[in-house]
Amino acid sequence: MDAIVKKSSKRKWFFLLVLLLLVFFLSLFVGRYSISPIDVWRILLSPIFAQQPGEFAIEKSVIIGIRLPRTLLTMLVGAGLSISGAAFQGLFRNPLVSPDILGVSAGAGFGAVLGILLIGVTPVISLFALPFGVMSVVLACLLGKIRNATPVLSLVLAGIVVSSVFSALISLIKYAADPYDKLPAIIYWLMGSFTKASYDDLKLVTLPVLTGITVLLLIRWRINVLSLGDEEAHSLGVNPGRLRWLIIAAVTVVTASAVTVAGIIGWVGLVIPHMGRMIVGVDHKALLPATVVIGATFLTFIDIVARTATAAEIPIGILTAIIGAPFFAFLLKKTKGGWL
Amino acid sequence: MLWKKAVIGLIIGLVIIGNVVGCQPAADTQKSKTRTITDMAGRKVEVPMQIHKIAVVPIPWASVIYAIDGTGERIAGMHPSARKAMEGSVLDILAPELKGVSTAFIKGGFAVNTEELIKLEPDVVIQWDDQQEEIKKMENAGIPVIAIKYGTQEYLESGITLVGELLGKEARASEIIRYHHETLENISSRIKDVREEKKPKAFYLRDEQLKTAGKNSYNNFWMEATGAVNVAADIPAHGANVNMEQIIAWNPQIIYISNFCELQPEDILENKIKGQDWSGIDAVKNNRVYKIPLGLYRWDPPSVESPLMLKWLAQIHHPDIFGDYSMVTETKGFYKKFFNYDITDEKVAEILRVKK
């Protein structure tokens with residue numbers, strides 16, 4: 001029995017990883033600027049097979065300068081947001097939770113929008129987004145620190161409060177912004193986009209996001225224990241309080257970084273964990289790594305559509321909902337919600 | 001017990017009196033006779049026979065009203081973005097009276113703070129026709145609103161005629177419109193035989209987030225009217241954001257940077273914007289990146305100076321066909337004819353950012 005189970009799960013993993021690889025290469029091959037597949041291979045392999053200098057200068061700029069960093073970034077953000085969502089759903093024992101619940105997206109969004117208002121759309125706004133994101137979570141934690149029987153519930157309520165405040169502040173900034181200049185920039189930024197993905201962005205967020213993901217992966221079996229309740233957790237040698245803060249810290253770092261480079265992207269953190277559960281089950285040991293792979297694949301695929309479907313770039317937050325929701329509904333129907 | 005009731009009764013009494021006193025209907029002003037004007041939204045608006053004070057919400061229209069009126073004296077309020085554009089512009093020199101004009105009645109976007117507006121005591125307010133709630137709000141406050149439409153040459157000309165009627169300056173308004181027509185006819189007759197392949201591909205850059213102008217925009221109009229092709233013409237909207245790859249795919253030969261943003265041609269030519277590589281694009285390789293001028297007002301949207309914009313563009317797109325005039329002379333002539341102002345060569349060079 002074990003052997004059969006193991007074999008089918010190995011097949012699933014193989015399938016997931018192959019899909020990720022396919023989407024990665026698809027993202028490099030596809031775009032508004034047509035490059036034939038052979039030329040793409042030649043450019044990718046150019047460190048090995050030398051070329052005439054100046055040949056393919058534009059194509060190189062497109063593939064290495066535009067598509068590659070963008071693909072890496074979408075994979076990073078997709079993985080980060082998904083594993084954060086799964087971790088939080090385990091932590092709060094609620095399948096409707098997303099990483100935004102403690103206000104990190106609203107806070108980081110506010111920070112970035114404030115930066116746009118005061119300075120303009122420059123890389124400097126990342127310096128605004130990150131601290132505000134972290135600050136909003138700290139506020140939510142302080143607010144939710146009530147000694148009662150359900151610390152989780154008070155955290156959620158505190159998160160709602162903090163999110164609302166920062167959302168209101170974002171609205172205030174939109175109100176004050178110049179309608180011809182700053183306001184369109186702010187609105188576009190808030191809808192989420194990877195248009196300006198660059199190696200600088202990667203340099204900025206790769207370390208925090210990978211660290212957060214690694215931490216969450218390392219503690220993934222303890223999240224299973226959390227779902228048993230605090231007393232059971234203690235008896236199994238897990239300190240639930242400390243574990244909670246660790247998860248919150250990791251998720252905050254990952255999500256704030258994601259918002260900094262890509263704006264507010266909804267749906268991914270909420271729905272990918274469910275897709276993961278459909279495929280590998282509810283055990284967090286398998287679920288968290290699965291969400292990393294599925295999330296990276298999903299967001300990269302959506303971004304391919306966002307930047308290629310039409311001449312104008314479609315904000316990715318819109319697409320994740322439009323593509324993700326029907327697909328999710330389809331899966332829901334097909335498995336009859338068996339994993340819920 | 002009794003004194004409690006007395007206190008409550010007193011409070012209620014004060015509240016009632018307060019409401020009655022505070023809400024007196026506005027005393028019927030002894031208005032001089034009024035007339036009815038039909039605005040661009042088809043509304044019949046009653047305005048005073050003589051207009052002494054106008055509040056202008058749309059950004060380019062402060063300068064248009066100045067141009068039609070010949071003075072800024074009747075403008076009581078304008079948009080803060082128009083005020084910002086004024087700094088360093090020709091309007092600053094020609095109309096110093098506009099420096100003190102209030103912008104406080106605009107509270108974000110095109111929304112109006114009614115109380116601030118009432119303080120200005122305008123006889124009429126000009127507003128965009130799509131701001132219907134704002135228009136209703138102002139009418140409820142007893143201020144007549146003239147609505148104008150945005151986006152095409154026809155709307156611009158209808159608006160000029162309307163404002164001319166409003167201000168009693170119909171002659172001047174039709175002179176301005178005649179100048180627009182003459183310019184447009186002149187240019188279109190000369191380019192009508194130009195073949196498609198000869199039309200340069202142009203790209204309008206609105207901001208660093210790679211927003212451009214689609215088919216329905218005025219920018220598209222001025223590109224096509226002067227014999228160029230808008231690379232973004234297959235986007236049906238007014239404006240849309242694109243990505244760098246799409247711009248590389250289009251490979252425009254000319255890039256126009258909007259005067260609404262702070263970007264300068266050097267930022268594109270020297271690749272100063274992070275995450276964007278413009279170096280492979282024709283326009284950059286051939287040093288054909290232009291910042292849209294600002295004379296009285298920015299030349300991007302429909303405005304009084306649109307004919308100058310068209311002439312400037314025509315010369316850039318087809319220097320062989322339009323080599324018979326100099327933009328310096330045309331600009332000087334425009335300001336002399338309509339404002340009796342002798343603009344200096346240096347100022348014109350500054351406006352047109354003549355490349356050294």
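**Ground rules.** I am working with a predicted model, where local features need pLDDT of at least 70, side-chain atom pairs count only at pLDDT 80 or more, and totals for chains, interfaces and linings use all residues. Residues are numbered from 1 along each chain as its sequence is written, while chains are lettered from A and ligands numbered from 1 in the order in which they are written.

**Overview.** I looked up the secondary structure of chain B and found 15 helices and twelve strands (DSSP runs numbered from the N terminus: helices are H or I with at least four residues, strands E with at least two). Of the 356 residues in chain B, 43% are buried (20 or more other C-beta atoms within 10 Å of the residue's own, with C-beta atoms placed from the backbone).

**Strand 6.** I checked residues 145-148 of chain B next. Val145(B) and Ala147(B) point one way, Ile146(B) and Ile148(B) the other, and all are buried. Strand 5 (residues 124-128) of chain B pairs with strand 6 of chain B in the parallel sense over four bridges; pairing takes at least two DSSP bridges. Trp128(B) sits opposite Ile148(B).

**Helices 7 and 8.** Then I turned to how helix 7 (residues 153-167) and helix 8 (residues 170-191) of chain B pack: the angle is about 165°, and the axes are 7 Å apart. The axes are lines fitted to C-alpha atoms over the stretch in contact, and angles run from 0 to 180 degrees between N-to-C directions. Helix 7 and helix 8 of chain B are therefore roughly antiparallel, a label for angles over 145 degrees.

Note on methods: Buried ≥ 20, exposed ≤ 12 C-beta atoms within 10 Å, placed from the backbone. Parallel < 35°, antiparallel > 145°, perpendicular 65-115°, else oblique.
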